[in-house]
Amino acid sequence: LDTAKINATQSTFESQNNLRNLYAHIVTSYYQLLYYNEVLKLEKRLLHKATKRNNFIEKRVHSGDLPDVAILESKQQIINREQRVLRTKNNYSQALQIFLKYINMSQKEFDLKYVLPSLKMLKKEKIIFQNVMSKALENRPDLKALESRRTKLDLDTTYNSLSKYPKLNLFAYGVHDVNYGDGIKVGLQFDIPLERRSYKGKMIEIQKGITQLEEEKNRLLWELKTNLSNLMYSLDIINQNIDLGYKETKIVESLEEVENKKYEVGSSDLFQVNQREIGTLEVKRKQLEYYLNALMIQQEIKKEMGE
C-alpha cells in the first residue's frame with residue numbers, strides 16, 4: 001500500500017512538471033503575440049505619417065512650391081510602408097494562430113471578446129534571487145518527484161532489512177502424559193525467506209539507486225542555481241537597456257520633429273525625413289523587444305521556480 005501511494009505521488013509530481021512546461025509555452029506565445037501587435041501599431045502609424053504628408057506634398061506641388069517628382073517619391077514611400085504593414089500583419093497572424101491553438105478558440109471569437117494589453121503593462125517588479133531560489137526549492141515538481149523516489153527507496157531498504165531475519169512462529173498445544181499427567185507443549189518454527197547473499201545483493205542494488213538519485217538531485221540543484229543566476233543577470237541587463245531606451249526614444253522623437261519642420265520650410269528632403277521616421281520606429285521596436293525579452297525571462301524564472 002505504501003509503495004502504491006508513493007508511486008501515485010510521484011506520478012502526480014511528474015504530471016505537474018509537464019503542466020508547468022506547457023503553461024510556460026502558452027505564456028511565451030502570448031507575449032510574442034503582444035509584441036507583434038505593438039509592432040503592427042508602430043508600422044501603421046508610420047504609414048499614416050506618409051499618407052498625411054502626401055496631402056501636404058500634393059498641395060505644394062499644385063502651388064508650384066515643389067516639383068512633380070515629389071509626388072512620385074511620396075507615393076513610393078507610401079507603398080514601401082504599406083509593404084511593411086503587410087509583413088508585420090503576417091507575423092502577427094502567425095503568432096495569433098499559435099496562441100489560439102493553445103486556448104482552443106477561433107479568431108473571430110477571440111477578436112470579439114478580448115483586447116490585447118500593452119507589453120509595458122505586464123512588466124513585473126524587481127525580483128530578488130534569494131526569494132526566487134527558496135520558492136524554487138519549495139515548489140519544483142521534479143525535485144518533489146525525486147524526494148518521492150527517495151522515500152520509495154528508503155521503504156525498500158526497510159523491507160529488505162526485515163527480510164534478512166527469520167520469521168519466528170511460537171505455538172503451544174495441550175498434551176497428556178501417563179507419567180506426568182496433563183500439560184502444555186511449546187514449539188518454535190523458523191521461516192527463512194531470503195538467503196543472506198540475496199539480501200546483500202538487494203541492498204547493493206538499493207544503495208546504488210540512492211547514490212544515482214542523490215547525483216541526479218545535486219545535478220538538478222546545480223542547474224537550478226546556475227540557470228536562475230544567469231536569468232537574473234540577463235534580466236538586470238535588459239532592465240538597464242529599457243531605462244536607456246526611454247532616453248533614446250525621446251532623442252529620436254525630437255530629431256524626427258526637427259527634421260519634419262525643416263522639410264516643411266524647404267531645408268530638408270523626403271529622404272532625410274524618411275530616415276528619421278524609420279529610425280524612430282526602429283528605436284521603439286527595439287524597446288518593445290527589451291520588454292518582450294524581460295517578460296520572457298521573468299516567465300522562465302517562474303518556470304524554474306516551479307510556478
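Biologist: Which helix is Leu19 found in?

Modeller: Quick note: this is a predicted model, where local features need pLDDT of at least 70 and side-chain atom pairs count only at pLDDT 80 or more, while totals for chains, interfaces and linings use all residues. Residues are numbered from 1 along each chain as its sequence is written, and side-chain values use heavy atoms, leaving out hydrogens and water. Helices are DSSP runs of H or I, at least four residues, numbered from the N terminus. On that basis Leu19 sits in helix α1.

Biologist: Is Leu19 buried or exposed?

Modeller: Buried means under 20% relative accessible area, exposed over 50%, and partly exposed in between, with a 1.4 Å probe and protein chains only. Leu19 has a relative accessible area of 57%, so Leu19 is exposed.

Biologist: And Ser74, buried or exposed?

Modeller: Ser74 lies in helix α2, residues 69–103. Its relative accessibility is 1%, so Ser74 counts as buried.

Biologist: Which residues does Ser74 touch, not counting residues up to four places away in sequence?

Modeller: Contact here means heavy atoms within 4.5 Å. With those sequence neighbours set aside, Ser74 touches Ala50, Asn54, Ile57 and Leu270.

Biologist: How many helices and strands are there in the protein chain?

Modeller: Strands are DSSP runs of E, at least two residues. From the N terminus on, the elements go α-α-α-α-α-α-β-β-α-α. That makes 8 helices and 2 strands.

Biologist: What share of the protein chain's residues count as buried?

Modeller: The protein chain has 307 residues. The share that counts as buried is 35%.
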